[in-house]
Structures are given as C-alpha cells and as structure tokens.
Amino acid sequence: MELLQTGNTWIWHPDWVDAKPDSAGGFLHFRKTLHHHHPGVTPAKPITINISADTRYKLYINKQFVHGGPVKGDERRWFYDTVDVTPFLRDGDNHIAVHVLRFYHATTYAWPFARMPIGGLFIQSVDQSTPCGLNTDDSWETAIDPSAELRVGDPFDVFMQIFERVDRRRDEHLTWTRASVVVIPFEGVGLTSPWRLCPRMIPHQRRTPLTFHALHNVRSTVGAAAWEALLLPHADSTSTAAATGLEQGAGGLRLPSNSTHHLELEVEAHKTTLLAFRFLAEAVASGTKLTITYSECYEDEPHEMPFSRCKGDRTDTTKMLIGPYDSYTLSGGVGTSPCYTVNSPREEVYQPFHYRTFRYLTVDIEVPANTEVTCVGFDVVETRYPLEVEASFGTGDEWVSKFWSISVRTLENCMHDCYEDCPFYEQLQYSLDTRSSSLFTYLLSADDRLARQAIVQIHDSFNPSIGLTASRSTDSIMMRQYIIPFALYWICMVTDHYEYYADAAFARRFLGVAESILETFASQIGSHHGLITSPNNAAWEFTDWTTPWAKTPPGVPPAVGRTGVSTYINCLYAYTLKALATLHEHLGRRESALGFRDRADAISNAVSLHCFDGEFFTDGLAQVPVPANEYSQHSQVWAVLSGAATGTLAERILRESLANGDPDSQRWIPSSASQTRTSLIKHERRLFTMTSISFSFYTLRAAAAVGGAFYDEHFPSFWTIWNKQVAQNVTTWAEDSVGVRSDCHAWGSVPIYEFVAEVAGIKPAAPGFSKVAFQPRLRLFPHLNMTVPVGGINDKLIEINWERLDDETIVSLRNRTRRSGTMVLVVVRLPDRGEFTAELRDTLEYHVRNT
C-alpha cells in the first residue's frame with residue numbers, strides 16, 4: 001500500500017479547458033507569498049514538502065529554481081517528490097512559484113507522458129502536525145499562460161510534442177485568479193483522487209554546467225568573432241572588442257535594428273540539457289524572434305522524413321542541420337510576466353520547460369525594424385540520471401577506448417526519470433530496449449534503482465483482458481501499445497535482476513503477472529503443430545527493423561503472415577520459460593520450475609519439427625517450397641538460444657547465416673524499389689536477413705552459447721557497424737543502420753556487456769554475485785585492465801589485469817572492495833585448467849600457458 005493518507009488536496013485553475021486546436025497542451029502559473037520567520041540558527045526541523053503535478057512542474061522560491069518533476073507515472077502509480085525547501089527560504093516574505101506544464105488528456109499527442117483526465121498541483125507538508133503554509137488550497141493564485149503553447153505537426157516531433165511556440169508579448173493578458181480545489185467526495189470511504197500517489201523511487205537528476213565547444217557557419221551582421229567572444233569559453237573578449245568595435249562580455253552583445261543572425265553551436269558530445277537564452281529586458285527589444293533548432297548531427301537531405309536519414313560524417317559542417325525547434329518572441333520586459341530566474345527583471349530569459357537533446361544547436365535571431373536587443377549569453381546544463389559509473393575497461397587499443405566511452409555516454413543519455421529508447425525522438429521505456437539497458441547498467445554500477453522502477457512500471461501496465469504487459473510504460477493512455485514478444489522481455493528483466501541482485505522479495509512481487517503472460521502465450525498454441533500461433537487482435541508481432549520487413553506490419557517477417565507462426569516468438573517463449581524456471585528453482589518452487597522446463601522443451605521440439613527445413617530454421621512454418629525471403633539470422637540465433645538447435649547443428653546454422661547475411665537487409669532502399677528482396681533470389685547461395693543493432697545483443701549471446709572458439713573467431717569481425725560509426729565521428733551509438741533516424745539509442749551500447757561479461761568473463765556464478773564467475777577470453781587481447789562492481793548492494797569491486805608474454809599470460813584479480821575484510825568467492829575457469837573456486841581476499845595471480 002503506497003497511497004498517501006487522506007487529505008491530499010490538489011488545486012487547479014477554475015477556467016482551464018483541457019483542449020485547444022493545434023496544440024498538445026499549455027502552461028499554468030501558481031503563486032503565493034509565505035511569511036517565514038528564520039530564528040537565525042538552523043531550525044530543529046527542516047521544512048520539507050511532498051509535491052507533484054499533472055503533468056510536470058518546476059518549483060521556484062524567491063526566483064531560485066528548487067526542483068522539477070515528478071518522475072513519469074501513470075494512472076496506476078503517480079509519483080511525488082519530497083523536497084527540503086529550508087535552504088531557499090529567507091526571513092520575512094518569500095515568493096513561492098510553481099510553473100506547470102499540462103498535456104491535454106484526450107489527444108494522441110505527447111506519447112511519453114501519461115496524464116489524468118484533469119490537471120492538478122499538489123503540495124503537502126511532510127510534518128502535518130506543523131504545517132508550513134505551503135499546502136495547496138484556495139489560498140494559492142493561478143494564471144493560465146497566454147503566451148506559450150506546445151507545438152504539433154512538426155515532422156521531426158511525431159511522438160513528444162515538447163517543443164514550444166512562445167510570444168511573451170501576450171503576457172500583458174495574464175490574469176490571476178484564486179485556485180480551485182479538486183474535490184474528492186465522500187473522502188474516507190476508500191475513494192481516492194485520480195492520482196495514486198507514490199513516493200519517488202529514484203534519486204534526483206544530476207545537473208552539470210557545460211560550455212559550447214565550437215561555433216560554425218555564422219551569418220550575422222556583427223560577425224563571428226563577436227559571437228565567439230560571447231559564447232565560447234577562453235575567448236579573448238578584450239581583443240575581440242577592440243577588433244570589432246562591439247560591446248560584449250558582461251554587458252552582452254548588442255544586435256542592431258533590422259538584422260538577422262544565424263549561429264550553429266556545438267557541444268563536445270551528444271547531450272541532454274536544460275537551456276537558458278538570456279537577453280536584456282528592455283522595451284526596445286520587443287518583437288525580436290528567437291528560433292532554436294536541435295540537431296544530432298550534420299547530414300544530407302533525408303530520404304523520408306523523419307525516419308530514413310542520409311548521414312555520413314556527423315561533423316561535416318558543409319551539410320545541413322535539421323530537427324525540431326522552439327520559437328520565442330521577446331516581450332521587452334512586460335511587467336506581468338512571472339519571474340523564473342534570479343536575473344529577472346534585469347534580463348528576459350527563455351528556458352524551454354523540458355530538457356532538450358542535441359549535439360548541434362542552430363540559433364536564429366530576427367531583430368525587426370525599430371528594434372534592438374542585447375544578447376547576454378546562452379547557458380547549457382547537462383541533466384540525466386546520476387549514475388555512478390564504477391566500471392572501467394581498457395586494452396591499450398584506441399578503438400576499444402572509443403567503444404567504451406561512446407557506449408557509456410549513450411547509456412547515460414538514455415537514463416532520466418526512466419530508461420528511454422532514444423532521448424531525441426521518443427523518450428519511451430520499451431521492454432526490449434530496457435532489458436538491454438538494465439543489464440548494461442548492472443555491469444557499470446551497483447545502482448539498480450532505475451531498473452527496479454522500470455520493472456515495477458512495466459508490471460503495472462499488465463492488462464488482464466489482453467494478458468500482456470504494454471510494450472512500454474508510463475505512456476499516454478491514448479497511445480497504449482502492445483507488442484507481443486515485449487511482454488516476454490519484461491519477464492527476462494525480472495529474472496535478470498534476481499540473477500544480479502538476489503532480491504527474492506522483489507522478484508516474488510512479479511511472479512503472478514509473469515505466469516499470467518506465459519498462460520496467454522500457451523492459450524495460443526495450436527493443437528496440430530504445438531506452436532504459438534498469431535493472435536487475432538491488434539497486438540504487434542514485431543521482430544526487428546530490417547529493410548525486407550519494412551512493409552505493413554513493419555518489422556514482421558513475411559512468413560509470419562503467410563504461415564501464422566513466428567519462429568522467433570516461439571523460441572523466445574521457450575527461452576523465457578527456462579529463465580523463469582531457473583528463478584523458481586532459486587525461490588524453492590521446484591515443481592513449477594519443472595513444469596516450465598517441460599513446456600520449453602515441448603516448444604523447442606515443435607520448432608525443430610515444423611520450422612526447420614533440414615538445413616536451416618525458417619521464419620515461420622517450413623512449408624515446402626519455402627520462399628527465399630523467409631530465412632533470417634534471427635531464426636538461427638533464437639533456435640540456438642532456445643535450445644531448438646544444439647551442438648554441431650547450432651554452430652553450423654549460426655556460422656553459415658552470419659557468413660551469408662544479405663547486406664541489403666541492413667541498409668536503406670526506397671520502398672518502391674523492386675530490388676528490396678530480389679537480391680535474395682538472384683544469388684546462387686542463400687542469403688539471410690541480417691539482425692540489426694537492436695538484435696546484436698542476442699546474436700552475440702548465441703555466438704557465446706555455441707561454445708568452443710566460435711565467439712572468439714567472430715568477435716573481431718562483428719563490430720563493422722560500430723567501427724563505421726566511429727569513422728563517421730559519432731559520440732553516441734545510432735539507433736540502427738537502415739533508417740539511421742536517431743544518433744543515440746542505448747541498445748547500441750552492447751560493447752559494455754561484451755567487454756565485461758565475455759572478454760573479461762565476469763558474470764554471476766550464483767544469484768547476487770554471491771559467487772563470481774571468471775572465464776576470461778585471453779586470446780582476444782594481449783593486455784587488459786578493468787574494474788567491475790559485483791554483488792550489487794554488497795558494494796564489491798574487482799580489478800582484473802592480464803599481460804601476454806612470450807609463452808604465458810599473467811592473469812591477476814584484485815579485491816578492491818571498500819570495506820576491509822570482505823572476501824569474494826570466484827569460480828575460475830582458465831584455458832589450461834579446469835574449473836575451481838578461489839577466495840579473493842586481496843590478490844590472486846595465475847600463469848596461463850599460451851596456446
């Protein structure tokens with residue numbers, strides 16, 4: 001039970017209308033004055049409040065930013081923040097302000113943001129025995145922002161609608177009124193507000209000030225040197241002023257009447273940031289228009305907007321910057337505008353409400369006739385989940401160093417108040433994506449809080465009438481989506497977490513829903529072949545993004561529609577049954593574990609019987625003749641992972657399918673081109689639809705499962721797509737190699753897992769790292785140095801080194817756990833000896849013969 005006690009008073013604007021043509025939502029202001037007597041010494045108790053809003057809020061005290069939130073929730077779990085406001089209060093009167101963003105409820109806009117049928121603001125003193133005067137009631141004043149709206153129809157912003165159109169001159173129409181209380185009738189008989197309030201599960205976001213790295217393609221009447229002096233660090237503003245005759249520095253840069261200014265600013269790497277664009281507040285600046293366009297890279301004209309892009313060298317400044325944009329028209333300092341910056345009223349500052357994602361920022365300033373404006377500067381602050389990266393990895397190879405840093409940065413950029421697929425376009429927490437991101441996180445840090453929250457949130461999305469969890473959590477109810485295999489990935493998230501953290505109480509919370517999902521799949525098993533069949537509903541049987549599978553329904557192999565069976569989904573079902581069986585065994589549920597394994601074996605046997613043509617596994621039923629376009633690497637990979645293919649068969653199908661991947665399946669080809677699949681037919685040898693970046697994790701798991709030297713042999717050649725991206729100067733991994741829509745997607749951070757779990761060979765040998773498996777692949781690199789957290793909350797850290805000499809490799813493990821006397825049990829397997837268990841108290845060293 002995580003509902004707050006009764007008496008939760010929410011307030012809202014009495015005249016708010018939750019709809020407006022051509023807008024996804026709007027903004028509201030709330031304010032009150034609090035008289036606070038400061039005794040001159042630290043008070044015995046801090047003044048702490050619980051605060052939330054629908055949909056997002058920013059709290060200010062005396063024009064100083066205090067906190068923003070809440071964490072994304074939904075109709076089942078709405079989060080509140082607990083904030084100590086004591087440091088922001090002064091003796092006497094304090095101006096309290098809350099800026100609220102509200103997405104309209106009954107629209108198909110703003111997919112990543114759940115919201116209730118009505119908006120609301122909630123503040124309550126934590127200590128109800130001594131209320132602090134901030135509780136939300138009708139003593140608050142509120143105003144609807146007449147100047148700002150959330151734009152729709154932007155071809156680059158199909159999902160979020162976070163981008164703004166602001167004309168601050170309209171603040172002259174701002175009207176304050178008394179807030180109205182959201183009344184909950186018959187309170188105390190179990191009725192609750194629409195918001196099922198729950199405490200925040202994750203820490204507050206980390207904020208780090210940044211500077212711009214470079215300025216490109218300046219077109220301005222004041223010249224590039226003056227802008228560089230104002231916006232770039234370490235510029236010699238004195239000499240620049242002398243050379244240009246322009247005023248800059250603390251006073252800013254004066255932009256003359258009837259002038260335009262185009263700037264292309266670069267930060268050092270792809271970032272997620274909060275921005276502030278600062279101008280002097282003066283009446284003569286009224287009407288000046290600012291347009292900010294956000295871009296991930298320089299690129300050529302897209303093939304198809306926005307999903308199919310034409311990207312090469314991301315830093316080629318001769319190309320174009322395109323993306324979504326904000327627009328802001330200066331008021332010139334209208335006195336009625338609320339003040340959300342300590343620099344007001346001296347400065348007029350535009351701060352986009354939600355964080356923005358970019359590597360390059362285009363700023364266009366239009367100064368009309370009879371208008372002048374002084375630009376004071378642009379502030380940029382990185383914001384993301386405060387992940388403490390404890391792992392490190394190095395081999396002395398530059399490519400390895402780049403892979404590691406790019407992978408970590410990509411993952412961090414996709415972690416905010418939930419895991420996100422891509423921060424630039426969607427900011428949605430999909431089960432498939434989040435499983436990979438969680439595993440990567442477990443190997444970098446002992447912090448599992450964001451992963452725990454994700455497991456809870458996706459669990460909450462379970463729909464009993466459908467029998468599945470939603471494909472993503474905390475999204476708009478108007479855009480709720482069900483992707484059939486994604487429910488199985490959520491079950492794998494539960495089993496993964498237990499493997500790494502051994503939290504039995506946490507795992508047990510989800511067993512009921514996990515088993516219900518498995519029963520949903522079992523109910524679709526056909527009696528004539530024993531395989532799961534396609535459902536007769538709107539759920540999506542998505543497999544992967546490949547060019548041959550681009551037609552409706554996209555991402556689904558043609559064989560699924562033709563035969564009514566997906567080999568991939570059946571194999572994933574068997575794989576998940578085995579994973580859940582292992583969890584049940586650890587929880588003492590041996591009988592149910594045996595049942596799950598029997599069901600997995602039955603499915604694997606049916607796949608071998610009905611989806612195998614004697615040489616390879618087909619994408620659906622192997623009904624002769626099997627069309628040439630119904631063979632994929634995906635089916636071979638999952639046949640191995642599910643156990644449908646073992647031994648020499650597993651090695652052969654995986655080796656041949658990886659060697660004969662169809663290159664056309666992982667590059668963009670116009671949808672109208674007839675060559676989309678004819679390449680498979682005209683070649684003498686069979687070609688296989690290739691797995692994408694999103695599937696790379698599972699392709700590599702199959703390579704490892706085959707055993708022997710297979711993984712080591714394929715490791716160097718596997719990274720073609722990643723090496724190509726490095727050559728194109730990415731700073732985060734792209735979403736895929738077909739459409740190349742986004743330049744930041746965490747499923748591309750698979751090098752984290754491969755370097756730690758496969759190359760260094762560190763995995764849990766028992767739940768929660770109570771035993772650590774150490775099986776290094778010494779042949780892959782002659783030198784290695786790494787650290788990795790093991791044991792989750794036990795806060796253990798291991799350092800691993802090896803050095804290859806002429807006839808032997810010296811391998812060492814060092815216990816770097818912070819608490820002295822902590823011993824780590826290590827299950828060691830080295831190439832020249834069998835498996836054994838060692839106690840790592842300080843250092844272990846082994847001399848391994850080179851083979």
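How many aromatic pairs does the structure hold? The structure, a predicted model, holds 55 aromatic pairs, where rings of Phe, Tyr and Trp (its six-membered ring) pair if their centres lie within 6.5 Å, and planes under 30 degrees apart count as stacked, over 60 as edge-to-face and the rest as tilted. One of these pairs is formed by Trp 10 and Phe 122, which are stacked at 5.5 Å centre to centre with 25 degrees between the planes. Trp 10 belongs to strand β1 (residues 10-12) and Phe 122 to strand β8 (residues 120-125), so the pair ties together parts that are 112 residues apart in sequence. Helices (H or I, at least four residues) and strands (E, at least two) are DSSP runs, numbered from the N terminus. Trp 10 counts as buried at 0% relative accessibility, and Phe 122 likewise counts as buried at 0%; buried means under 20% relative accessible area, exposed over 50%, and partly exposed in between (1.4 Å probe, protein chains only).

Residues are numbered from 1 along each chain as its sequence is written. Local features need pLDDT of at least 70 and side-chain atom pairs count only at pLDDT 80 or more, while totals for chains, interfaces and linings use all residues; side-chain values use heavy atoms, with hydrogens and water left out.

Rings also take part in contacts with charged side chains. The charged end of Arg 31 is placed over the ring of Trp 176, 3.8 Å from its centre, and that of Lys 58 over the ring of Phe 353, 4.8 Å from its centre. The criterion requires NZ of Lys or CZ of Arg within 6 Å of the ring centre and within 35 degrees of the ring normal.

At the level of the whole chain, 18 helices and 38 strands are present. The C-alpha atoms fill a box of roughly 80 × 70 × 60 Å along the principal axes. The radius of gyration is 29 Å, which agrees with the value near 29 Å for a compact globule of 851 residues; this radius is taken over C-alpha atoms, and the globule rule is 2.2 Å times the number of residues to the power 0.38. Of the 851 residues, 60% count as buried. Among contacts with a separation of 6 or more, 75% involve residues 24 or more positions apart, contact meaning heavy atoms within 4.5 Å.

An open sheet of four strands has the order β31-β32-β36-β37 and mixed pairing. Two strands pair if DSSP finds at least two bridges between them. Strands β31 (762-766) and β37 (836-840) stand at the edges with a single partner strand each, so one side of each is left without a neighbour in the sheet. Neighbouring strands of this sheet are turned by 35 degrees against each other on average, direction ignored; axes are lines fitted to C-alpha atoms, for helices over the stretch in contact, and angles run from 0 to 180 degrees between N-to-C directions. Four bridges connect β31 with strand β32 (residues 771-774) in the antiparallel sense, and Pro 764 has Val 772 in β32 as its bridge partner.

Strand β22 (residues 325-329) is mostly covered, with four of its five residues buried. Strand β11 (residues 164-167) runs parallel to β22 and is joined to it by three bridges, with Arg 165 opposite Ser 327. Strand β19 (residues 289-295) pairs with β22 in the antiparallel sense over five bridges, and here Thr 291 has Ser 327 as its bridge partner. Helix α15 (residues 696-706) is also mostly covered, ten of its eleven residues being buried; these include Phe 697, Tyr 698 and Arg 701. Just after α15, Gly 707 takes a positive phi of about 85 degrees.

Most residues other than glycine have a negative phi, and most peptide bonds are trans. Ala 502, in the loop between α6 (486-501) and α7 (504-508), has a positive phi near 55 degrees and counts as partly exposed at 32% relative accessibility. Val 740, in the loop between α17 (720-727) and α18 (750-759), has a positive phi of about 50 degrees and counts as buried at 15%. A cis peptide bond with omega of about 25 degrees joins Asp 54 and Thr 55, and Thr 55 lies in the loop between β3 (48-54) and β4 (56-61). The bond from Met 305 to Pro 306 is cis, with omega near -15 degrees; Pro 306 lies in the loop between β20 (300-304) and β21 (308-310).
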